[in-house]
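The structure is shown first.

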Amino acid sequence: MFKKNGLLKSPDSKPKEKYLLLFAVAFIGMMISFIPSMIVNKGIFLYYGDFNSQQMMFYQHCHDAVRSGNMGWDWGTDLGSSFVGSYAFYLLGSPFFWLTTLFPSGAVPYLIPWLLALKTLSPQ
């Protein structure tokens, strides 16, 4: 039967359970596709482009600054600038970044493939 919004929905469907199943299958499939790269690179997922050479450095720098409480003026960014002004858009507004602050600094590169899969598959 069709509802007013035009979506086909059976009376016994449970969208939340179906979404969780779809999420689990997609997450596992994505991580399986990451595994060969992670094995070759000893647990680190190497992403194409400037991610590993530039963005991971900023990510690690932010992680260390937040964990140490140094979130004021930052001499390690652009020859000195506001930490919040520099990273608010890219990292400080991301719940995935804040999840990494629960882990030690050395674990961050190993968390990236798991967080990338969560970020890619999470509802927008």
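## Surface patch

Four isoleucines, Ile 28, Ile 32, Ile 35 and Ile 39, make up a nonpolar patch on the surface, and their accessible area together is about 400 Å². Ile 28 is part of helix α1 (residues 15–40). The model is predicted, and the values here are computed from it.

## Aromatic pairs

Searching the whole structure gives 8 aromatic pairs. One of them joins Tyr 59 and Phe 97: the ring centres are 5.4 Å apart and the planes stand at 75°. Angles over 60 degrees count as edge-to-face, so the Tyr 59 and Phe 97 pair falls in that class.

Phe 83 and Tyr 87 have ring centres 5.1 Å apart and planes at 50°, so their pair is tilted. Both residues belong to helix α3 (residues 83–92), where they are 4 residues apart, or about one turn of the helix. Phe 83 and Tyr 87 are both buried.

## Aromatic cluster

One aromatic cluster is formed by Tyr 19, Phe 23, Phe 27 and Trp 114.

Key:
Residues are numbered from 1 along each chain as its sequence is written. This is a predicted model: local features need pLDDT of at least 70, side-chain atom pairs count only at pLDDT 80 or more; totals for chains, interfaces and linings use all residues. Side-chain values use heavy atoms; hydrogens and water are left out. Rings of Phe, Tyr and Trp (its six-membered ring) pair if their centres lie within 6.5 Å; planes under 30 degrees apart count as stacked, over 60 as edge-to-face and the rest as tilted. Helices (H or I, at least four residues) and strands (E, at least two) are DSSP runs, numbered from the N terminus. Buried means under 20% relative accessible area, exposed over 50%, partly exposed in between (1.4 Å probe, protein chains only). Patches are made of residues with over 30% relative accessible area and no salt bridge: like charges are joined within 9 Å, nonpolar side chains (Val, Leu, Ile, Met, Phe, Trp, Tyr) within 5 Å. Accessible areas come from the Shrake-Rupley method with a 1.4 Å probe; for residues, only the protein chains shown count as cover. A salt bridge is a side-chain nitrogen of Lys or Arg within 4 Å of a carboxyl oxygen of Asp or Glu.
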